[in-house]
Amino acid sequence: MLTFTVLEIFISLLVGAAVGIFPFFVLGWMGRQNLAKKAFLCTAVSAIISTTASVVVAVGFIIYVILVRDNAGTAPIWNGFNIGKTMDSPSNYSWKVTCIAGPLRGQTYSLGKNGLIIGRDYDCGIRLTANSANISRHHCSLRCDSAAVYLTDLGSRCGTYLSNGTRIYPQQPQPLQNGSVFYLANAENQFQIIY
């Protein structure tokens with residue numbers, strides 16, 4: 001018959017909490033604060049069963065985050081930044097990009113905290129049609145902070161240009177301000193940054 005004293009339960013919870021610190025800090029560092037709290041609590045409680053169970057739960061939470069997408073639809077941590085269309089848009093990131101010429105003319109997109117990729121591929125946040133001449137699958141990216149938007153050419157074949165015709169060097173972020181205009185390959189695909 002299994003009986004536990006209050007002291008045994010308390011010690012088990014302490015051991016579980018000690019083991020739970022590891023996934024708590026790792027998941028917190030990976031930006032998964034809510035999951036980190038759940039991992040800590042589950043690991044601590046599972047220690048009542050055994051110390052081995054608490055270790056299994058801790059490792060399980062970390063493997064889950066690395067291998068599986070969470071419910072918010074964000075990509076795994078090694079993805080760099082989310083290039084899909086699901087973007088969180090916190091209040092301190094109100095930068096947008098509007099297409100002012102081309103097949104997407106008149107459409108406006110929020111940059112959000114993860115930024116966007118513009119191109120022909122299905123996973124781009126701003127997707128031009130597959131038959132768009134001279135546009136690469138992953139043509140350029142936009143990232144932002146509270147002060148500026150950064151435009152980066154992703155090694156596109158036909159280039160990304162500022163409105164004055166200056167070509168942006170691949171993989172070198174170019175800061176843009178409110179009202180800045182840029183285009184992809186030629187002036188038929190123009191975009192403007194708005195705040």
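Which residues does T160 touch, not counting residues up to four places away in sequence? In this predicted model, the list runs to H139, C140, L151, D153, T166, R167, I168, F182, Y183 and L184.

**T160**
- You'll find T160 in strand 7, which covers residues 160-162.
- T160 counts as buried because its relative accessibility is 0%.
- One of its contacts is H139, and the two side chains make a polar contact at 3.4 Å.
- L151 and D153 are also among the residues that T160 touches.

**Strand 6 and its partners**
- Strand 5 (residues 140-144) pairs with strand 6 in the antiparallel sense, with 5 bridges.
- Those two strands form a hairpin, with 4 residues between them.
- Across that pairing, S141 sits opposite T152 of strand 6.
- Strand 6 also pairs with strand 8, antiparallel again, over 3 bridges.
- L151 has Q174 in strand 8 as its bridge partner.

**P175**
- P175 belongs to strand 8, residues 174-176.
- With a relative accessible area of 45%, P175 is partly exposed.
- Leaving aside neighbours within four places in sequence, P175 is in contact with V149 and Y150.
- P175 and Y150 are 25 residues apart in sequence, yet their C-alpha atoms are 4.5 Å apart in space.

Notes. Residues are numbered from 1 along each chain as its sequence is written. This is a predicted model: local features need pLDDT of at least 70, side-chain atom pairs count only at pLDDT 80 or more; totals for chains, interfaces and linings use all residues. Side-chain values use heavy atoms; hydrogens and water are left out. Buried means under 20% relative accessible area, exposed over 50%, partly exposed in between (1.4 Å probe, protein chains only). A polar contact is a pair of N or O atoms within 3.5 Å; within protein, one must be able to donate a hydrogen and the other to accept it, and residues adjacent in sequence count only if both atoms are side-chain atoms. Contact means heavy atoms within 4.5 Å. Two strands pair if DSSP finds at least two bridges between them.
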